[in-house]
Amino acid sequence: MVGGLLARKPGETGGKVFCRRTRDGEDVPWEKIMDERKKVFCVISGVTVFLWGMFALAGCGGQKPYVQEFAPKTSHEPQGIAVLPFADRSGYDQGAKIVYRLVLVELVKQCNWRVALEGDVFKIYRQMRLRPWDVPDVEQLRIIAVRLGVDTLIVGEVLEMDEKVTPSGVSPALSIQVRVYDGKSGLLQWSSLYRREGGDYQKMMHFGMVNTVSELGKKMVQEILGVWKEKGLLSCVDS
Amino acid sequence: MLLLLVLLLVVEQAFAVQMAVMPVEDLSQGDNGLNPSMTNRLREVLIRKGYTVVEEKRIIDFMAKKRIRRVGSLDSNNILRLRQELGIEYLLLGSVNQLRDKEPAALGISLQIIRANDAKMIWAGSVQLCRADVRKFLGLAEPQNLSEVEDIVVVRAMEIMPHNLPAISEAPKENFTEEIHLSPEVVKPGETMRCRIRFGESNVKQAEVSVSVVVGGKVIEAVYLPQEKYFEAVWPATGKDRRYPVSVSINRGQQDRKNVFAGSFLVDGQPPEITLALRGQEMDGEVVLRRQLTISAVLKEPEPLASWNISILDGSEQVVKSESGRGNLPGRFSWWGQRQDGMLAEDGLYSVRVEVWDRAGNNAGATEKFRIVRKRPELAIVTEKKGGEIQVDLNYDGKVPLAFWRVDLRSGSGAILLEKNGEKLPVRFSVPFSNENEKISCRIYGQDVLGNKIRQVIENIVSMKPRGEKTAEQDEEKSAEENAWSVDF
């Protein structure tokens with residue numbers, strides 16, 4: 001490190017050479033001082049780049065959907081999946097329907113699962129005199145599964161949905177719970193809980209920032225399905 | 001050359017994929033909102049991509065004819081009918097999930113392509129875009145408003161849409177979900193159960209189909225009702241109180257036999273047992289209402305209820321307040337002693353009756369008595385002048401015991417001459433006085449064990465007539481005091 005004396009390049013002050021003097025009284029030449037400075041600069045730059053990289057990675061990684069398994073893991077290829085109407089506890093207008101549609105889309109997109117049509121699901125709800133926000137009991141779930149010809153049922157709840165528009169930008173937040181039931185027994189197999197905000201996906205400056213609840217919902221559903229597949233809870237259909 | 005071009009156009013049209021674009025639902029406009037602008041944009045883009053898109057009027061006519069009131073979704077039967085009537089191969093269902101026209105403008109859509117002959121969703125995708133998502137160098141070519149955002153969203157949606165749609169499946173789906181209605185869910189023993197089965201396809205020939213209902217091992221043949229266009233099985237609900245599973249057997253010949261679990265029904269002949277608990281103040285083992293009475297009705301064996309009724313009856317069994325509701329009983333009821341007309345109910349003996357009906361219609365009830373006591377405690381004060389002092393007797397002969405009392409006597413200048421308090425009455429005390437013109441005021445406070453309070457102010461006890469004889473002036477004073485009394489303070 002540079003000592004207490006000011007080190008200057010020769011010639012800067014009328015040709016007078018200033019060097020660092022050690023405690024032993026020896027003068028350290030100018031070149032050696034510059035080498036030390038370069039090393040310090042390299043170390044500081046390296047640490048800065050490393051920290052920036054860590055922050056950038058933290059923006060896209062970190063949180064994962066929480067999955068709670070209730071039945072022994074049996075990786076099966078679902079014959080068909082029905083997404084039952086989501087319940088809305090957030091108070092966001094049509095929040096449950098927005099997430100419902102996104103789940104339908106991602107199920108078809110991510111794997112070639114046969115997904116029951118929304119119209120068929122609502123028709124059976126009408127026949128069984130169930131309101132869209134009702135959670136069917138075990139027997140009702142079995143009936144719905146048989147009538148729709150599916151073996152997996154997805155039931156969900158939108159716990160929080162918010163989109164604050166401020167002069168500095170948009171800040172969406174979404175929290176959802178998704179439960180998966182076995183159509184034959186009507187029993188709960190696994191459940192996922194996930195909460196994210198638009199800023200969680202920010203990488204650097206405005207890059208990666210999510211500005212709408214629908215985009216946030218899409219990303220979250222993709223991540224939830226990804227974790228299910230990663231844990232071997234659902235497997236894709238080949239054909 | 002021209003002939004060749006026309007021929008090519010005709011051939012292209014003949015082999016073009018027939019697609020129906022259903023009206024796009026707009027969730028930003030609330031429940032069952034419609035977005036005609038997005039519907040038209042999607043139609044135009046699909047036409048440009050080479051699809052033969054069914055005219056909008058024909059779609060609307062179909063929806064009106066089939067009484068399809070909701071947009072954004074369609075059931076399998078209607079998709080099949082749409083295919084039969086309009087000859088479509090694919091169907092595009094769209095929904096505007098989010099639309100924000102204030103800054104920053106945003107739009108989110110989701111699309112589904114459904115193959116018409118087997119009603120299978122073969123593709124789905126969603127596109128979301130906010131104006132804040134698009135940042136370009138010097139702001140060049142950034143969308144400036146919602147309309148420009150819409151343009152980008154539609155272009156992106158068409159980019160992710162598959163160019164070659166999967167081929168039509170070889171074996172078209174014929175039998176879609178049957179509509180099965182099993183009612184009622186809960187019955188009393190001996191009541192009639194009904195199971196109705198309606199087939200989705202319109203060309204079902206009832207002579208070729210036999211339908212039966214299996215209940216607890218018994219087979220009940222369903223009869224076809226041509227006017228109603230459904231099969232119906234009717235049977236009496238007999239047997240012990242328990243749940244009975246029901247399945248429907250559909251037989252279309254040796255090759256095609258199908259069993260469908262239709263649900264279950266519960267036979268319930270036992271009325272629920274209900275107990276009532278009243279929580280209020282208690283006096284001599286009796287629940288008393290002064291301000292509020294809390295009523296809790298609990299079923300000994302909890303079960304879902306169809307309806308309930310709660311009534312407050314006076315001594316002559318007349319209903320003074322009543323309320324009823326559907327579904328399960330609330331956790332508790334609170335009654336503040338007001339009649340149906342809003343006035344306070346008078347003091348006396350009352351009863352509360354709670355009746356419940358379970359889902360089978362079995363009725364049960366419970367009654368409990370209570371008393372309303374709101375009357376203020378009345379303390380009697382008698383004065384007597386003896387020599388140089390005035391003797392005061394304070395007495396109470398009410399039924400409700402006193403919790404406490406307090407008396408203070410003050411001189412004309414406001415100085416306290418005597419202060420006494422206690423729980424029991426009668427009590428006697430005296431204060432000295434010098435002449436008849438002297439003024440001694442008396443303030444009496446009291447509260448019974450139920451909380452009813454009294455506050456009485458006598459401006460001058462010297463001028464009071466002895467042993468309860470009152471002057472006209474005192475009578476006026478008394479009535480003024482009564483008006484000034486506060487029931488609750």
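**Cores, interface and salt bridges**

Author: The largest nonpolar core has 78 residues, and A:Trp228 and B:Leu91 have the most contacts inside it. A nonpolar core is a set of buried Ala, Val, Leu, Ile, Met, Phe, Trp, Tyr and Cys residues joined through side-chain atoms within 4.5 Å. Buried means under 20% relative accessible area, exposed over 50%, and partly exposed in between (1.4 Å probe, protein chains only).

Reader: Which helix gives the most to this core?

Author: Helix α2 of chain A, residues 95–110, with ten residues. Helices (H or I, at least four residues) and strands (E, at least two) are DSSP runs, numbered from the N terminus.

Reader: Before I go on, where do these numbers come from?

Author: This is a predicted model, where local features need pLDDT of at least 70 and side-chain atom pairs count only at pLDDT 80 or more, while totals for chains, interfaces and linings use all residues. Residues are numbered from 1 along each chain as its sequence is written, chains are lettered from A and ligands numbered from 1 in the order in which they are written, and side-chain values use heavy atoms, with hydrogens and water left out.

Reader: OK. What does B:Leu91 touch?

Author: Leaving aside residues up to four places away in sequence, B:Leu91 touches B:Met19, B:Leu74, B:Ile79 and B:Ile114, among others. Contact here means heavy atoms within 4.5 Å. There is also a second, separate core of 30 residues, which includes B:Met19, B:Tyr51, B:Trp123 and B:Val153.

Reader: Now the interface. How many residues of chain B are in contact with chain A?

Author: 48 residues of chain B, against 38 residues of chain A. The two chains bury about 3,600 Å² between them, 52% of it on carbon and sulfur atoms. B:Met121, B:Gln128 and B:Phe261 supply 17% of the area that chain B buries there, more than any other three residues. Buried area is the accessible area (1.4 Å probe) that two parts lose on being put together, summed over both.

Reader: How many salt bridges cross the interface?

Author: Seven, by the rule used: a side-chain nitrogen of Lys or Arg within 4 Å of a carboxyl oxygen of Asp or Glu. One pairs A:Glu139 with B:Arg243, at 3.6 Å from N to O.

Reader: And which element of chain B gives the most to that side?

Author: β6(B) does, with nine residues.

Reader: Switching to chain B itself. What does B:Glu232 pair with?

Author: The side chain of B:Glu232 meets that of B:Arg194 in a salt bridge, 3.5 Å from N to O. B:Glu232 lies in strand β13 and B:Arg194 in strand β9, so the pair ties together parts that are 38 residues apart in sequence.

Reader: Is each of them buried or partly exposed, then? Start with B:Glu232, what is its relative accessible area?

Author: B:Glu232 is buried, at 12%, whereas B:Arg194 is partly exposed, at 33%.

Reader: Which residue does B:Asp393 bridge to?

Author: B:Arg428, with the closest N and O atoms 2.6 Å apart. B:Asp393 is in strand β26 and B:Arg428 in strand β29, 35 residues apart. B:Asp393 is buried, with a relative accessible area of 13%.

Reader: And which residue meets B:Asp408?

Author: B:Arg406, at 3.6 Å from N to O. B:Asp408 counts as buried at 1% relative accessibility, and B:Arg406 as partly exposed at 27%.
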